Amino acid sequence: MSETRLNNEQQEFQEFCRRWLGENRPGPTKTPLPQAAYEVVDEEHRIYLSEWQAKCYQAGLIATDLPKEYGGHGHTGLQQIASAEVHRAKVPYFINWIGLGMTVPTLLAHGTEDQKKTFLPPIFTAEHIWCQGFSEPGAGSDLASLQTSAEKQGDHWVINGSKVWTSLGHFAQWMLLLARDDKHNKYGGITYFLAPMADPGITVKPIHKMTGESGFNEVFLDQVKIGDHLRVDEIGAGWKVAMSTLTSERGAGVGVGAVAGESPRLVMQQVINLAKDTIRNGKSVWDDPIWRDRLMKMYERTEAAIQNARRTKVKAINGGAMRIPLQSKVSGSEISQELHHLALGVLGLSSSLYTRDTHAADDGKWALGYMNTYTGTISGGSSEIQRNILGERVLGMPKTK
Ligand SMILES: Cc1cc2nc3c(=O)[nH]c(=O)nc-3n(C[C@H](O)[C@H](O)[C@H](O)COP(=O)(O)OP(=O)(O)OC[C@H]3O[C@@H](n4cnc5c(N)ncnc54)[C@H](O)[C@@H]3O)c2cc1C
């Protein structure tokens, strides 16, 4: 959809989304939800968020533009409207962000008809939660160094190895798995599988982050049996398929539903409010010219990034090689980090008060949020790696070795 005036159908759909989201906003949970979907560990939260996602799907806000035979709603040019309205309404996030954001676009591009028909519908309803088994202890930025092995035995594969940082691994029914079928061929010896997490050879162990949360895990695979029908694309084509998954993870794939949480504009406004409410040396931080200058510079940067992101919707100025979407991963994650850092500066000494401290401003959300912003600058390819990609693939600079 280009960013032009909405046609009648789109306008009606936008009105429907606004009305529906206003009328169906779910009530509060017993305990607060984590700041982001990748930190959900509580069973009560899982059920609440899965039900919410299923309801949004049934209302047509997820898989809006996908074909009906894959569980979609069969429209054209409406998904971006639904996703924008979900963000705007500030409703809870969708728990199945890996399924929606990575599995769906990957299977649409590389899956068989059977795989699309079988796996897509339960992703939309959150009946099947997905996780991503790419990273290993010795393979993060240099993902193609992965060592988890896949050996073909008749009509199935036997997988051995381990994965790390596996978000939502504790809830997942399915994993996007990369494994090595040929150890002498770094890039051409990787195959891509859909792995059932119920296999008795899979063990999931939580990893505790500096925030005290444990949304990601170690996953050990011991003699795991995977049918050949669960292989995606050709044997040895795993690197190509993985790049397609990562393109979606980095924000440049087919959208099937809004996944993320608070918008940078909203966070900026919250930081400004925080500055107005924080009194230091007898006056509000907002009234201190040095702080006002810092806040305004950040405001400009945030707005510039938002306007830049809008350009992704206008094909004619988007440039080749998905320049703006890929750039948005770097700038979006770094702006989020800077916004939280600024909030900590506004709070001064009290910024060290953490969640559960009754004296902490905004229930300690800024200290927790700041630590969590490192997720964005590391996961799905660190900022350094993203800059390498932009340099090589967009600016055409010489390749790094
Ligand atoms: C919260 C969170 C959730 C995650 N969830 C998942 C998940 O669900 N599934 C999954 O598979 N993975 C997941 N990851 C893993 C993530 O993809 C990796 O952490 C990331 O790719 C970096 O790999 P690494 O941690 O091994 O760091 P390393 O690759 O060891 O990098 C260490 C540092 O060196 C820098 N560096 C490395 N190589 C270069 C280079 N060539 N040029 C410049 N700098 C370089 C990096 O930028 C980084 O700063 C998650 C990570 C986080 C933080």
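What you have here is a predicted model, where local features need pLDDT of at least 70, side-chain atom pairs count only at pLDDT 80 or more, and totals for chains, interfaces and linings use all residues. Residues are numbered from 1 along each chain as its sequence is written.

Let's start with the ligand. It has 22 residues around it, and the closest are Phe134, Gly140, Ser141, Trp165 and Ser382. (A residue counts as near a molecule or strand if its C-beta atom, placed from the backbone, lies within 6 Å of it.) Where does the ligand lie relative to domain 2 and domain 3? Domain 2 (131-252) and domain 3 (264-394) both give residues to the shell, so the ligand lies between them. Those domain bounds come from an automatic or database domain assignment.

Now for strand E3, residues 156-163. Helices (H or I, at least four residues) and strands (E, at least two) are DSSP runs, numbered from the N terminus. In a regular strand, side chains alternate between the two faces of the sheet. The covered face of E3 holds Trp157, Ile159, Gly161 and Lys163, while His156, Val158, Asn160 and Ser162 make up the uncovered one.

Strands pair if DSSP finds at least two bridges between them. Here are the pairings of E3:

| Partner | Sense | Bridges |
|---|---|---|
| E2 (residues 149-153) | antiparallel | five |
| E7 (residues 216-227) | antiparallel | seven |

Over in E7, Val219 stands opposite Lys163.

Key. Near = placed C-beta within 6 Å. Buried ≥ 20, exposed ≤ 12 C-beta atoms within 10 Å, placed from the backbone.
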